[in-house]
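Here is a short walk through one model. Keep the sequence and the structure side by side as you read.

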Amino acid sequence: FGHNIRRFRELRNLSQEALAAKAKLSSNYLGEVERGNETISVRRFLEIAKVLNVEPHYFFLSKKG
């Protein structure tokens, strides 16, 4: 799950710091979520999806190829 957050963040050319600021999270927390070391609430997840302009269900799909 966290790897998809990172993938979409990188596709948008956003740093962890930039995404964290826009989603009102700490960059340390976001990094831990991306690495799978921290869980994320639905509310925070939806805010990240909104900032990245990605429909939430896409975060649950495996990357093909």
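**A loop, a helix and its neighbours**

Start with Asn13, which sits in the loop joining α1 (2–11) to α2 (16–23). The model is a predicted one. Asn13 counts as exposed because its relative accessibility is 70%, and the cut-off for exposed is over 50%. Now look along the chain to Tyr58, 45 residues from Asn13. The C-alpha atoms of these two residues are separated by 18 Å.

Just after α4 comes Asn53, with a positive phi of about 60°.

Two of those covering helices also pack against each other. Two packed helices are described by the angle between their axes and by the distance between the axes. For α1 and α3 the angle is about 120°, and the axes are 6 Å apart. On the α1 side, the contact is made by Gly2, His3, Ile5, Arg6 and Arg9. On the α3 side, Leu30, Val33 and Glu34 take part. By class, this contact of α1 with α3 has three nonpolar, two polar and three charged residues.

Charged residues bring us to salt bridges. Side chains of opposite charge can pair when their charged atoms come close. How many salt bridges does the model have? The count comes to three.

One joins Arg9 and Glu34, whose closest N and O atoms are 2.7 Å apart. Arg9 belongs to α1 and Glu34 to α3, so the pair ties together parts that are 25 residues apart in sequence. Are these two residues buried or exposed? Arg9 counts as buried because its relative accessibility is 7%. Glu34 is buried too, at 9%.

Another salt bridge links the side chains of Glu10 and Arg6, at 2.9 Å from N to O. Both residues lie in α1, four residues apart, or about one turn of the helix. Glu10 is partly exposed at 41% relative accessibility, and Arg6 is partly exposed at 43%.

Glu32 and Arg35 form a salt bridge as well, with their closest N and O atoms 2.9 Å apart. Both lie in α3, three residues apart, about one turn of the helix. Glu32 is partly exposed at 28% relative accessibility, whereas Arg35 counts as exposed at 51%.

Methods: Residues are numbered from 1 along each chain as its sequence is written. This is a predicted model: local features need pLDDT of at least 70, side-chain atom pairs count only at pLDDT 80 or more; totals for chains, interfaces and linings use all residues. Side-chain values use heavy atoms; hydrogens and water are left out. Helices (H or I, at least four residues) and strands (E, at least two) are DSSP runs, numbered from the N terminus. Buried means under 20% relative accessible area, exposed over 50%, partly exposed in between (1.4 Å probe, protein chains only). Axes are lines fitted to C-alpha atoms, for helices over the stretch in contact, and angles run from 0 to 180 degrees between N-to-C directions. Contact means heavy atoms within 4.5 Å. Ala, Val, Leu, Ile, Met, Phe, Trp, Tyr, Cys and Pro count as nonpolar, Asp, Glu, Lys and Arg as charged, and the others, Gly among them, as polar. A salt bridge is a side-chain nitrogen of Lys or Arg within 4 Å of a carboxyl oxygen of Asp or Glu.
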